[in-house]
Amino acid sequence: MSGPELAVPPLPREPEVLIECPRFSLVKRRADGSVDFVSPLPCPYNYGSIPGLLSDDGDPLDAVVLGPRLAQGQRVRVPVVAVLGFIDAGKGDPKVVCGTHPMTPAERAGLERFFRVYALFKRGLHRVRGDVPDTRFVGWLREGPEA
């Protein structure tokens with residue numbers, strides 16, 4: 001079965017993550033501060049990117065930082081605990097999950113639910129814009145301390 005490549009560039013153990021969307025925000029911003037997506041539900045995670053590393057779509061590699069709310073624009077170094085697969089507009093758009101401890105089963109399930117729902121909203125947004133590309137949660141690409 002052919003499809004988008006879900007390549008993940010080599011990751012440092014503790015990448016620097018730029019927070020673009022603090023936990024509980026409704027607006028997802030790009031690294032340059034422009035609005036990427038407005039959600040009807042608050043994001044339960046700190047969402048951002050890893051400067052200098054790119055996804056298949058040419059944008060900085062997305063990252064989720066577990067834990068308490070962080071400020072927009074804040075840069076943090078946090079260990080990688082997992083990488084999940086996501087396709088957005090037909091291109092590989094993996095998400096690097098960072099945290100200070102291994103994911104709990106509840107955090108893992110929460111991330112899966114969030115990205116499945118996020119994919120539905122993004123598909124709807126693409127349709128409104130006149131596109132019907134492949135946008136979906138793929139599953140876990142890496143988990144654990146070796147992620």
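Q: What does the side chain of D93 make a polar contact with?
A: The D93 side chain makes a polar contact with the side chain of K95, at 2.9 Å. A polar contact here is a pair of N or O atoms within 3.5 Å; within protein, one must be able to donate a hydrogen and the other to accept it, and residues adjacent in sequence count only if both atoms are side-chain atoms. One caution: this is a predicted model, where local features need pLDDT of at least 70 and side-chain atom pairs count only at pLDDT 80 or more, while totals for chains, interfaces and linings use all residues. Residues are numbered from 1 along each chain as its sequence is written, and side-chain values use heavy atoms, with hydrogens and water left out.

Q: Thanks! Where does D93 lie?
A: D93 lies in the loop between β8 (91-92) and β9. Helices (H or I, at least four residues) and strands (E, at least two) are DSSP runs, numbered from the N terminus.

Q: And is D93 buried or exposed?
A: Buried, at 4% relative accessibility. Buried means under 20% relative accessible area, exposed over 50%, and partly exposed in between (1.4 Å probe, protein chains only).

Q: Which residues does D93 touch?
A: Leaving out residues up to four places away in sequence, D93 touches L6, S55, D57, D62, F86 and D88. Contact means heavy atoms within 4.5 Å.

Q: Which residues are linked with D93 in a network of salt bridges?
A: D62 and K95 are linked with D93 in that network. A salt bridge is a side-chain nitrogen of Lys or Arg within 4 Å of a carboxyl oxygen of Asp or Glu.

Q: How about D62 and K95, what's the N to O distance?
A: Their salt bridge has an N to O distance of 2.6 Å. D62 sits in strand β5 (residues 60-65) and K95 in strand β9 (residues 95-98), so the pair ties together parts 33 residues apart in sequence. D62 is buried at 7% relative accessible area, and K95 is buried at 1%.

Q: Zooming out, how many salt bridges are in the whole structure?
A: Eight, from a search of the whole structure.

Q: Which residue does D88 meet in a salt bridge?
A: K122, at 3.1 Å, N to O. D88 is in strand β7 (residues 80-88) and K122 in helix α1 (residues 105-128), so this pair ties together parts 34 residues apart in sequence. Both D88 and K122 are buried.

Q: Now R108, what does its side chain meet?
A: R108 meets E143 in a salt bridge of 2.9 Å, N to O. That pair links helix α1 with strand β10 (residues 136-143), 35 residues apart. R108 is partly exposed at 29% relative accessible area, and E143 is partly exposed at 32%.
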